[in-house]
Amino acid sequence: MAYWAAAPVKRYDVKMRPRFIRWGAAALVLALPFVTHVVLGQGWVRILDFALLYVLLALGLNIVVGYAGLLDLGYVAFFAVGAYCYALFASPQFDLHWPLWALLPMGALLAACFGVLLGTPTLGLRGDYLAIVTLGFGEIIRIFLNNLNAPVNITNGPQGVSLIDPLHVGPWFLEKTYHLGGIEVPLVINVYFLFLLAVVLAVHLSHRLENSRIGRAWAAIREDELAAASMGLNTRNLKLLAFAMGATFGGVSGGLFAGFQGFVSPESFTLQESVMILCMVVLGGMGNIAGVVLGAVLLSVLPEALRGLGGLQEFLFGRIWVDPSNLRLLVFGIALVLMMLMRPEGLLPASARQRELHESK
Amino acid sequence: MDIFLQQLVNGLTLGSIYALVALGYTMVYGIMELINFAHGDVVMVGAMVALTVLQALTGWGVPSGVALAVAVAVAMAVCMALGLAIERVAYRPLRRAPKLAPLITAIGLSIVLQQLAALIWGRSYLSFPSVLPTASMSWHGVIITAIQGLIIVLATLLMAILLLLVKRTALGRAMRATAQNPAVAQLMGVNTDRIIAFTFVIGSALAAVAGVMVAAYYNVGNYTMGFMLGLKAFTAAVLGGIGNLPGAMLGGLLLGVVEALGAGYIGDLTGGFFGSNYKDVFAFLVLIGVLIFHPNGLLGSRAREKV
């Protein structure tokens, strides 16, 4: 089928989706932390918080990989920049205690600068060369964070920065436990709503970007850079913009991460982390916001859910046969392979991409 | 000057190991345009298998030379089977899938291999039995140990054999044809599926040897040892121009030398500001530098963009 014949139908479907489903989904997302808190306890709400953080990161990487088609294997570097920016300016390390509303934009801006710094020399590179350079860049940032404790102590080296100021937004202190009409609202739920706000903004921004002039230009570059350039698109600036935009998301989530954890160290920013975020984007469905969100939630919750394997073994066999921490990752790896084999285009692929795949067959 | 030569020798040793692993990356990339993320873990499996066999054989009192040969042979056989299995399970079903899909299955397999190794061999470091001669020779103050000599000679030999195989045999011709254009190669009667499987097998065999070398050189083996090595080797392959066999060799040697010299001199060059813990930065900076000025790597042919 030609592309124009399928497009209007899709639009119509989206508009006519019953309103109650949307409201139902919204109510579910709002009620989720309270229900989880009561049923599964604090630990699981914390996992949800981290899932939201990963959604933010995955949405950021989606701009670079999904929209502009630039394979970035060092994305966690921007996360690290944002986190250390927050950590250094809101902790006893330099005895600075700046507020969140100043540090988040600062972290975002700094990450964007690093994005441009990474993008400028790599623009001429083809796909896989770009991947390895971004990978190297991520490692360089991590090695610097690890070693910048001598001769001048900036990052405190492998020990990391601790005692970071807890998050607070104006009069709303997130580490306090509030009581709303008899319902307890502890730190983890407060953080959930702060992160949720960030995710909602990020989804909105991604959605607007996708359908904007810039988004269409990125799609053109992704599909055929040469053709895009000959249509008069300034591919250099557009690619830099994609890097900077993606990095901004990383910087913001880094700041939120540092404030939530109260502690950052280079160990949180390894290549494995970049790879995991990339898996979320690809597995969920590159370029499709719903898919990316699904992938991020799934891959961040799955390893935690698999922690139950130890208990399951005891229940089934009466003793632990296999070290649960190894088994957890083993099952995770197998699941990753199987999911990809069954749906190579991702769980919820972008509609344009799916059309391409089925047309070419 | 002594330090310079000594670091050069150390770098060449490390570099020839990098080169062997890089060949595996570059062959697979040349044929399928795919980064085989699980390759580093194949190296690890090779090292661990060889260590186990060696420990068992030396325990039974088998002479060390024989034990080493058997260990290498077993490691190669296991890795070849593993390479074949990886290709069959993770890559062949995705041959027509979007480009990033096999990357994810490769990452998944890499996790699986590491965790399986942790389950089989545990998380502790296995030590390499002392089966290798500890003799060394000294020349103008430069010390070359027997292990270093052995590694360099063996790696050179293997690379020469590989080059002969690819350039001179019918199989090598089929490999080159598949790399150039799989569809046309198939029309010419090349069984491309078999050639791809064969490429994985050769790469894995080289990886097994490299794994034994690393374990012998550093005297240890661990289930995480493949990761950084794989990363460095892939960097080396890109440095030399990915898809290009002599490029991978050159890139590997160069990366090893740069790393060793960087570790030796970075403190003096920066007045003690940066220590040798920045040696990895050095390797990546060289890579980025080369790619900026020569985007296709040192020996890579300039790929024309198709309209």
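Trainee: What should I know before I start?
Mentor: This is a predicted model, where local features need pLDDT of at least 70, side-chain atom pairs count only at pLDDT 80 or more, and totals for chains, interfaces and linings use all residues. Residues are numbered from 1 along each chain as its sequence is written, and chains are lettered from A and ligands numbered from 1 in the order in which they are written.

Trainee: OK. How many helices and strands does chain B have?
Mentor: Chain B has eleven helices and four strands. Helices (H or I, at least four residues) and strands (E, at least two) are DSSP runs, numbered from the N terminus.

Trainee: And how compact is chain B?
Mentor: Its radius of gyration is 20 Å, close to the 19 Å that the globule rule gives for 307 residues, so chain B is as compact as a globular protein of that length. The radius is taken over C-alpha atoms, and the rule is 2.2 Å times the number of residues to the power 0.38. Along the principal axes, the C-alpha atoms of chain B fill a box of roughly 60 × 50 × 35 Å.

Trainee: What share of chain B is buried?
Mentor: Of its 307 residues, 49% count as buried. Buried stands for 20 or more other C-beta atoms within 10 Å of the residue's own, exposed for 12 or fewer, and partly exposed for in between, with C-beta atoms placed from the backbone.

Trainee: New topic. How many residues of chain B are in contact with chain A?
Mentor: On the chain B side there are 37 residues, in contact with 33 residues of chain A. Contact means that the C-beta atoms, placed from the backbone, lie within 7 Å.

Trainee: Which element of chain B gives the most there?
Mentor: That is α4(B), with twelve residues. The elements of chain B that give two or more residues are α4 (101-121), α9 (225-240) and α11 (279-293).

Trainee: What classes do the residues on that side of chain B fall into?
Mentor: They divide into 30 nonpolar, five polar and two charged. Ala, Val, Leu, Ile, Met, Phe, Trp, Tyr, Cys and Pro count as nonpolar, Asp, Glu, Lys and Arg as charged, and the others, Gly among them, as polar.

Trainee: Back to α4(B). How does α3(B) pack against it?
Mentor: Helix α3 (residues 64-91) of chain B and α4(B) pack at an angle of about 130 degrees, with their axes 10 Å apart. Axes are lines fitted to C-alpha atoms, for helices over the stretch in contact, and angles run from 0 to 180 degrees between N-to-C directions. The two helices are therefore oblique to each other. Angles under 35 degrees count as roughly parallel, over 145 as roughly antiparallel, 65 to 115 as roughly perpendicular and the rest as oblique.

Trainee: Which residues make that contact?
Mentor: From α3(B) they are B:Ile86, B:Ala90 and B:Tyr91, and from α4(B) they are B:Pro102, B:Thr105, B:Ala106 and B:Leu109. By class, six are nonpolar, one is polar and none is charged.

Trainee: And how far apart are the axes of α2(B) and α9(B)?
Mentor: The axes of α2(B) and α9(B) are 7 Å apart, at an angle of about 130 degrees. That makes α2(B) oblique to α9(B).

Trainee: Last one. What is the phi of B:Glu33?
Mentor: Phi of B:Glu33 is near 55 degrees, a positive value in a residue other than glycine. Most residues other than glycine have a negative phi. B:Glu33 sits in the loop between α1 (2-32) and α2 (39-59) of chain B.

Terms used:
Two residues are in contact if their C-beta atoms, placed from the backbone, lie within 7 Å.
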